[in-house]
Amino acid sequence: MSNRIVLGLGGTVDYEIDWNERRLDELIGWYGIQPAELSRRAPIESERDLVRTLAAFLADGTGGERFVASSDILEQFAARFDKRITLGGTCVRAAIALDRLGVASTVHLVSIDDHVRRLLPASVEVICSADHDTTDPHLIVQYPAGASVRVGDSLHRARHPNRIIFTNDPPNRSLVISPDLRVATAVSEVFLVSGFNTIQSPDVLADRLDRVAEAIAAVPDGGVVVYEDAGYHLTEFTAAVRERLLGSVDLWSMNEDELQHYLDRTVDLLDRDEVHWALLDLRRLFPGPALVVHTRHWSAVQAPDARRWAAVVQGGITMASTRYLHGDAWNAIDFEATGRLPRQEEASRLAEALNTAGHGRLVMVPAFELVTAHPTTIGLGDSFAGGMIEALSRERATGSESARAVS
């Protein structure tokens, strides 16, 4: 493998559903779903379960990822809506984002089909552990700010846009690791790890963690290992991943949903005290690596010398914001224009206060003020990871001090 950026661990084929409020209301009425039935955590064993789960996410104004008992349920629901077929998975979307800025990479995949071959950029080299073609689509529903859902006599309206992912993906659930991954990381400068969240067997998880730990150990001195967290289908597995990888990862990154999951509480992202204590409590759970939290209002990094990571965090913000504004249809000119946008005022005041109190161990960067009638909420975390990696690659190209050396 010739590329110095290695991205793992698995990609997906996504069905991106166009938001259709009328159709969702019809399904809720047809299935007779009542307010007391709404649950984001109940098993999804039928289309009715999927509809009530989707309604529950919107009612709570949150996003997330959920396992579905059968891909047939996903196909049944998707057939009722207009959709686009795209490529997903953190590693693949990060690779696509890097390609837009002229940066080549290598991705590790656990499944492949003609959609992947057709849509993956030519600059991306592929390591794949699969020995035959399969297609197990991920269903992604994004809703805009102001979207509403009526359940019985209750009307719920979303204050912010978000997305929900529904999946039944055997290859990613097995997450077979190719022996070529360790060969690739042995000559890498940046290694992105993500994708354990769909595994449902503790034995499988333990084995895959061992294999990925070997790939991490092969990264040359001065290389940077980035872990992008995700919504786990079995949340009890997060402890095993944290215990196994925390000591070997240079940067651990998560979004606001994952932050609140780990803390088991809701956090007002613009309340100074709530954010201050949330970041401190999270740091106790994740000592060691630089710790990044990216949200709609700000992104923050905690590290002994957090200022060394400021440009990396800024790269993530700019990339995710560009995708939010332009979806898949963006280029380097759009990326540069995004970086010149004004910052959110309230988030800027929060960042100023917490940065002063952080004494160099915390750097918070306020988000841009983003205005668009058609926001994209799918793949923002993946794009954030891609933006961080692009910034790290620029640091390496210009001879800047590597993040691993200062963490």
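## Close-up views of a predicted model

**View 1. Strand β2 beside strand β4.** Strand β2 (residues 12–17) is joined by six bridges to β4, and the two run antiparallel. Within this pair, Val 13 stands opposite Leu 87 in β4. This is a predicted model, in which local features need pLDDT of at least 70 and side-chain atom pairs count only at pLDDT 80 or more, while totals for chains, interfaces and linings use all residues. Residues are numbered from 1 along each chain as its sequence is written, and side-chain values use heavy atoms, with hydrogens and water left out.

**View 2. The open sheet of five strands.** The strands follow the order β3-β10-β7-β2-β4 with mixed pairing, where strands count as paired if DSSP finds at least two bridges between them; helices (H or I, at least four residues) and strands (E, at least two) are DSSP runs, numbered from the N terminus. At the edges, β3 (64–67) and β4 (83–88) each pair on one side only.

**View 3. The largest nonpolar core.** This core has 47 residues, and those with the most contacts inside it are Val 193, Phe 196, Leu 245 and Trp 252; a nonpolar core is a set of buried Ala, Val, Leu, Ile, Met, Phe, Trp, Tyr and Cys residues joined through side-chain atoms within 4.5 Å, and buried means under 20% relative accessible area (1.4 Å probe, protein chains only). Helix α8 (residues 202–217) supplies the largest share of this core, five residues. Apart from this core lies another, of 40 residues, including Leu 109, Ile 112, Val 292 and Ala 385.

Note on methods:
Buried means under 20% relative accessible area, exposed over 50%, partly exposed in between (1.4 Å probe, protein chains only).
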